[in-house]
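Hi,

Here is the structure I promised to pass on.

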Amino acid sequence: MSAQTVVTRIAPSPTGYMHIGTARTALFNYLYARRFGGKFLIRVEDTDRERSTQGAVDAIFEGMAWLGLAADEEPVFQHTRADRHRAVVDEMLQRGGAYRCWMTVEELEAERTVARAEGRAVRSPWRDSTLPPPDAPFVVRLKAPREGQTVLHDVVKGDIVFENSQLDDLILLRSDGAPTYNLAVVADDHDMGVTHVIRGDDHVSNGARQSLIYQALGWDLPVFAHIPLIHGPDGAKLSKRHGAQAVGEFAEMGYLPEATRNYLARLGWGHGDDELFSDEQAIAWFDIKDVVSSPARLDWDKLAHINRHYIRLADDRRLADLIIPRLLGFDALQTSRLIAVIGLVKDGAATLVELANLVAFALTATDAPLDAKTAGLLTDETKARLGRLRDTLAATDDWSVPALEALIRDFAAAEQVGIGKFGPALRGSLGKGSPAPDLASTLVTFGKDEALARLAFAVKP
RNA sequence: GGUCCCUUCGUCUAUCGGUUAGGACGCCAGAUUUUCAAUCUGGAGAGAGGGGUUCGACUCCCCUAGGGACUGCCA
């Protein structure tokens, strides 16, 4: 019987697109909550009203929905909790864990330079001041211990020790009365009952500072797990030039959500030699204890490989729905043919973009002009031969793959040439130059009448 | 600059003091072949460097180097 239910959360700030690293952090939180039968929550960290945008908020929810990571409760919008945050700050003030500071920005800046030169944290003269409070705006700062050390117990990195002399009296409440990130995070995680804080390791030093806030409030600390960031293929911080950093772009590039989940799960976490696994397996196996402590680089080739696997597994009708928007001028009448063709060619596709290309041959118009390569193949001799093949095809009633395979083989034998002598031209004539599967399958795809029509079009003088 | 984190094949990782250091992606070669793929088989490929501890270190400790994060009245 566990003492408490596991509660995890993803807490993105809506100041841009949804970063793939955020997606992976969300995945880990989701997996961990599911593994231990707990709850996975989402909180939008929008305390910075200046930088938060509705578009970014939408991107977060769209990204989460696409990834299939559903939160167990309604999302919490941090900015709506400002009153509660101020109340928490008041409580800290009363407990003596915080103080008001009237330093001006200029004074602060000067202090920062000195502190940096002396290798210590910024200090405020108001911390122990007995001066009468000026009638001016002030900020509220945490009264952090100046001696000793604070140790952050981190599940993935172990104990991380910070000298308190290096930790500053961070601002809890801005001079306009708005709460800051560190305060809001602690108050919200506490109120939401978050038991495990799993987040990017760019927050480790915040972890130490937040521990101090928890202590000042007399609250229990959550379990911290700081996971390494995802880097670009070159090891540098993931940025635009690496191809993509927003989850929306992964969808656009034709990756399936389940493939992205599988790939992301393997980035910084592993379960023995398992590479391809289901969501159920991931849930059954996942533990933050097994998260790797070093940063991982994005590997597009591996993502593509995993995606290929999931495209093969995917239902053809679903794939059709996914690629139809990518098919320019697609006619709904062709849907059944499209689905059939997908089944034929999807083994060769690593992304939905590739699938769309592989399927293109079947969607060309009967009288669409031939591509240059096919036209070049169609010498008089080949045209004559294809004409004879057309006659042979017209005479058969068994329009099945095995029958047509045999027919083609027999035809080649009768013509005393290899299939290579006319196969490419035949394929090009049927699919107008787009890559098409084996000859018999391609013929079956079009059906007898259509195939013959295309051949007639190709061999006409 | 300061603080903190990280370092096994090119990449993602396994190993949790004793292994011919395993797997996957990619790469190379071969097979297959009517295009492009796919598929199959085989191969090359790693413990950053230096000190310790130990009978024995990839594994534990220290130093160096390299990479990263933080150092905001941003989150």
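Let me start with a strand pairing: β5 and strand β8 (residues 171-173) run antiparallel to each other, joined by two bridges. Across that pairing, Val140 sits opposite Leu173 in β8. Before you read too much into any of this, bear in mind that the model is predicted.

β5 also pairs with strand β4 (residues 98-101), again in the antiparallel sense, and here there are four bridges.

Is Lys143 buried or partly exposed? It has 19 other C-beta atoms within 10 Å, and buried would take 20 or more, so Lys143 counts as partly exposed. Leaving aside neighbours within four places in sequence, Lys143 is in contact with Gly96, Gly97, Ala98, Tyr99, Arg127 and Asp169. Ser124 is 19 residues away from Lys143 in sequence, and their C-alpha atoms are 9.9 Å apart in space.

There is another sheet to look at, an open one of three strands in the order β1-β2-β3, with parallel pairing. β1 (7-10) and β3 (76-77) are at its edges with a single partner strand each, so one side of each has no neighbour in the sheet. Strand β2 (residues 39-44) is joined to β3 by two bridges, and Arg43 has Val76 in β3 as its bridge partner.

Now the overall layout. Chain A splits into domain 1 (1-74 + 228-298), domain 2 (92-173), domain 3 (314-361) and domain 4 (364-461). Between domain 1 and domain 3, the C-alpha centres are 28 Å apart. Where these two domains meet, four residues of domain 1 are in contact with four residues of domain 3. The domain 1 side of that contact is made of three nonpolar residues and one polar one, with no charged residues.

On to the inside. The largest nonpolar core has 111 residues, and Leu27, Leu172, Leu355 and Val359 touch the most other members. Helix α1 (residues 20-35) is the top contributor to this core, giving nine residues. If you want to zoom in on Val359, its contacts beyond four places in sequence are Ile323, Leu338, Val341, Ile342 and Val345.

Finally, the RNA. How many residues surround RNA strand B? There are 58, and the closest are Ser13, Glu45, Tyr181, Ser294 and Gly423. By class, the residues of this surface come out as 20 nonpolar, 18 polar and 20 charged. The elements that each supply at least two of its residues are α4 (105-118), β7 (158-163), α6 (204-217), β12 (296-297), α10 (300-313) and α17 (423-431). α4 gives the most, with four residues.

Cheers

Note on methods. Residues numbered from 1 in each chain as written. Chains lettered and ligands numbered in written order. Predicted model: local features only at pLDDT ≥ 70, side-chain atom pairs only at ≥ 80, totals over all residues. Near = placed C-beta within 6 Å. Nonpolar A, V, L, I, M, F, W, Y, C, P; charged D, E, K, R; others polar. Domains from an automatic or database assignment. Contact = placed C-beta atoms within 7 Å. Core = buried A, V, L, I, M, F, W, Y, C linked by C-beta atoms within 7 Å. Buried ≥ 20, exposed ≤ 12 C-beta atoms within 10 Å, placed from the backbone. Pairing = 2+ DSSP bridges.
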